[in-house]
Amino acid sequence: MALDRPTPNDLRAFWMPFTANRQFKQAPRLLVEAEGMFYTTSDGRQVLDGTAGLWCCNAGHKRPKIVEAIQKQAAELDYAPAFQIGHPKAFELANRLVDLAPDGIDHAFFTNSGSESVETALKIAIAYHRACGNASKTRLIGRERGYHGVNFGGISVGGIVNNRRHFGAMLVGVDHLPHTHIPENQWTKGQPEHGAHLADDLERMVALHGADTIAAVIVEPVAGSTGVLIPPKGYLQRLREITRKHGILLIFDEVITGFGRLGSPFAAQHFDVLPDMITCAKGLTNGVIPMGAVLTTPEIHDAFMTGPEHMIELFHGYTYSGSPIASAAGLATLETYREEGLFERAAELAPYWEAAVHSLKDRRHVIDIRNMGLIGAVELEPIAGAPTQRAFSAFLKAYEKGVMIRTTGDIIAMSPPLIIEKAHIDQLINTLGEVLDSLD
């Protein structure tokens, strides 16, 4: 049976760009179906997913085990309160997550998104220090060009200017480390050699503010949404040394890098650095149902478990934390990853992916290429006076040629589902090469 497709005038969602009571400048790009590596558009075309949706559909689309789990759970238990009461699947999922997490991480707090995971981790950090008798430790340290979601805490510690400039003064008591995107690392394959010393700027902040005022440092192990910035060798290890030295919590925002993107369950394992907290979302449910989590050490968890049983331990939580359907989707997603060996598959494909992405080096307007695991970025020279226009033109042309990429500024970012085949990589890169050669 043919489906009625919405027209631009039917669309009233509050979105970017705002569509209520406005005409589209061009035909809307509407996706109506997805399976495996491909989307189907409203005009019946197949589009190769080069971005895993929005960094989230790590197992590809319409995976049977996940679909079945959601359907079964909706018919069995649709909702259970998250306060004073629970349901088995939330605990089962927490145990499965802890099994995947680095040794030393053993508790999970469920949220509904990456943004909420970041807000939760920041609040837990401040509350933890207060519970330990260090109430002065409230300052939060982020990083320039960092992205930590769109809530006030996340954009305060985040360092992407346009995400911040429209919303006022943000949270007080926030500072930022310098980013690690430096000229010496241009054209690096994998982890760059230069820039570990940039972590030492945290010592300057300690000298300026006092270690007794700093609660936590939050960084993305690999900065994704700002254009795939790979940490220099030794950089994350140095951050861990300094934070531990001064009693500062280290939070890894792994909303993008979690669940196999670098070939391991989490980037913490890939880089062999144990943070105090890990935020995750996206790949936790393969992007099918909103869900996030904050994973913590026993020291953080136990600091709150000191009062009588009838009292609330942490005054924080969400209506949909660990909801039955999201938990079922999460369990089925983790099972899909395990059964198909998708994390190992990402590690095996990484060298082929690296060679393919860097084959674009001599295409028009390309000024840098970066990669790690199954993530790649192609940075373009901006058009004078029209920043972002060249990359956005590439996005449109690629979409018309049947390939989905993502752009951030004048950077093309790619993060395909972990089920990708070498033939798909060839299609993605060859199409992008044609697109780059056609750009003005």
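Thr296 sits in strand β10, which runs over residues 292-296, and in this predicted model the residue counts as buried, at 6% relative accessibility. Beyond its neighbours within four places in sequence, Thr296 is in contact with Gly104, Ile105, Asp106, His107, Asp276, Met277 and His301. The strand belongs to a chain with 14 helices and 15 strands. The radius of gyration is 22 Å, close to the 22 Å that the globule rule gives for 440 residues, so the chain is as compact as a globular protein of that length.

**The chain as a whole**

- The C-alpha trace spans about 65 × 55 × 45 Å along its principal axes.
- Buried residues make up 54% of the 440 in the chain.
- Among contacts with a separation of 6 or more, 72% come from residues 24 or more positions apart.
- The chain has an accessible surface of about 19,900 Å², and carbon and sulfur atoms account for 54% of that surface.

**Helix α11: Ser327 and Tyr337**

- Two residues of helix α11 are worth a visit here: Ser327, in a helix that covers residues 324-340, and Tyr337.
- Ser327 is buried, with a relative accessible area of 0%.
- The side chain of Ser327 reaches the backbone oxygen of Gly322 at 3.2 Å.
- Setting aside residues within four places in sequence, Ser327 is in contact with His87, Lys89, Ala90, Leu93, Met291 and Gly322.
- Tyr337 is also in α11, and its relative accessibility of 3% makes it count as buried.
- A polar atom of the Tyr337 side chain lies 2.7 Å from the backbone oxygen of Gly283.
- Tyr337 and Gly283 are 54 residues apart along the chain, and their C-alpha atoms are separated by 10.0 Å.
- Not counting residues up to four places away in sequence, Tyr337 touches Asn58, Ala59, Phe259, Gly283, Asn286, Leu342 and Phe343.

**Helix α4: Val118**

- Val118 is part of helix α4, residues 114-131, and counts as buried at 0% relative accessibility.
- Once residues up to four places away in sequence are left out, Val118 touches His148, Gly154, Ile218, Asp253 and Thr279.

- Helix α7 covers residues 201-209, and its buried residues include Asp201, Leu202, Met205 and Val206.
- Those four residues cover an arc of only 150° around the axis, which puts them on the same side of α7.
- The packing partners of the buried residues of α7 are β5 (139-143), β6 (174-177), β7 (214-219) and α8 (235-245).
- Just after α7 comes Gly210, with a positive phi of about 95°.
- In α8, the residues Tyr235, Leu236, Leu239, Arg240, Ile242 and Thr243 are buried.
- The cover over the buried residues of α8 includes β5, β6, α7, β7, β8 (249-253) and α9 (267-271).
- Gly247 follows α8 and has a positive phi, near 65°.

- How many disulfides does a search of the whole structure find? The count is zero.
- A disulfide is a covalent bond between the sulfur atoms of two cysteines.
- For Cys56, the closest cysteine sulfur is in Cys57, and the 3.9 Å between the two sulfurs is too far for a bond; the cut-off for a disulfide is within 2.5 Å.
- Seen from Cys57, the closest cysteine sulfur is in turn that of Cys56, at 3.9 Å.
- Cys56 is buried, with a relative accessible area of 12%, and Cys57 is buried as well, with a value of 9%.

Terms used: Residues are numbered from 1 along each chain as its sequence is written. This is a predicted model: local features need pLDDT of at least 70, side-chain atom pairs count only at pLDDT 80 or more; totals for chains, interfaces and linings use all residues. Side-chain values use heavy atoms; hydrogens and water are left out. Buried means under 20% relative accessible area, exposed over 50%, partly exposed in between (1.4 Å probe, protein chains only). A polar contact is a pair of N or O atoms within 3.5 Å; within protein, one must be able to donate a hydrogen and the other to accept it, and residues adjacent in sequence count only if both atoms are side-chain atoms. Contact means heavy atoms within 4.5 Å. The radius of gyration is taken over C-alpha atoms; the globule rule is 2.2 Å times the number of residues to the power 0.38. Accessible areas come from the Shrake-Rupley method with a 1.4 Å probe; for residues, only the protein chains shown count as cover. The arc is that of the directions from the helix axis to the C-beta atoms.
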